[in-house]
Amino acid sequence: MGQNFTPDLIRQLKAAGCWMVRHGKGDHDIWESPITGRRFPVDTKIVSRHMANTVLKQAGLPRSF
């Protein structure tokens with residue numbers, strides 16, 4: 001199976017000042033970014049680097065995967 005990008009992604013989000021707002025439906029958590037002011041879902045097991053980069057984009061951070 002593919003690599004799980006979520007732990008590294010969460011470290012980057014926390015370092016940027018993002019925080020988890022609540023648990024969402026299924027395997028998703030809802031996070032908020034102080035950079036963009038947006039809320040966005042983060043899956044508990046992201047195996048696609050494209051999806052990990054999409055989450056970073058929603059948070060206002062540069063791609064790193």
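The largest nonpolar core in this predicted model has 13 residues. Leu-9, Leu-13, Phe-40, Val-42, Ile-46 and Val-55 are the residues with the most contacts inside this core. At least two core residues come from each of α1 (6-15), β3 (39-43) and α2 (49-58). The largest share, three residues, is supplied by α2.

**The sheet**

- Three strands form an open sheet in the order β1-β2-β3, and their pairing is antiparallel.
- β1 (19-23) and β3 are the edge strands, each pairing on one side only.
- From one strand to the next, the twist averages 40°.
- Four bridges join β1 and β2 in the antiparallel sense.
- His-23 has Asp-29, in β2, as its bridge partner.

**The helices**

- α1 packs on the sheet, where it touches β2 and β3.
- The direction of α1 makes about 150° with that of β3.
- The axes of α1 and α2 come within 11 Å of each other and cross at roughly 10°.
- Angles under 35 degrees count as roughly parallel, and α1 and α2 are therefore roughly parallel to each other.
- On the α1 side, this helix contact is made by Leu-9, Gln-12 and Leu-13.
- On the α2 side, Ala-52, Val-55 and Leu-56 make the contact.
- Leu-9, Leu-13 and Val-55 take part in this contact between the helices, and they are also among the core residues with the most contacts.

**Phe-40**

- Phe-40 is one of the residues with the most contacts inside the core.
- Apart from neighbours within four places in sequence, Phe-40 is in contact with Asp-29, Ile-30, Trp-31, Glu-32 and Ser-33, among others.
- The contacts of Phe-40 also include Leu-13, Val-55, Gln-58 and Ala-59.
- Of these partners, Leu-13 belongs to α1 and Val-55 to α2 in the contact between the two helices.

**Glu-32**

- Glu-32 lies in strand β2 (residues 28-32).
- Glu-32 has a relative accessible area of 17%; buried means under 20%, so Glu-32 is buried.
- The side chains of Glu-32 and Arg-39 are joined by a polar contact of 3.0 Å.
- Leaving out neighbours within four places in sequence, the residues in contact with Glu-32 include Cys-18, Trp-19 and Val-21.
- Gly-37, Arg-38, Arg-39 and Phe-40 are also in contact with Glu-32.

Methods. Residues numbered from 1 in each chain as written. Predicted model: local features only at pLDDT ≥ 70, side-chain atom pairs only at ≥ 80, totals over all residues. Heavy atoms only, no water. Core = buried A, V, L, I, M, F, W, Y, C linked by side-chain atoms within 4.5 Å. Buried < 20%, exposed > 50% of the residue type's maximum accessible area, 1.4 Å probe, protein only. Contact = heavy atoms within 4.5 Å. Polar contact = N/O pair within 3.5 Å; in protein donor to acceptor, adjacent residues only side chain to side chain. Pairing = 2+ DSSP bridges. Axes fitted to C-alpha atoms, helices over the stretch in contact; angles between N-to-C directions. Parallel < 35°, antiparallel > 145°, perpendicular 65-115°, else oblique.
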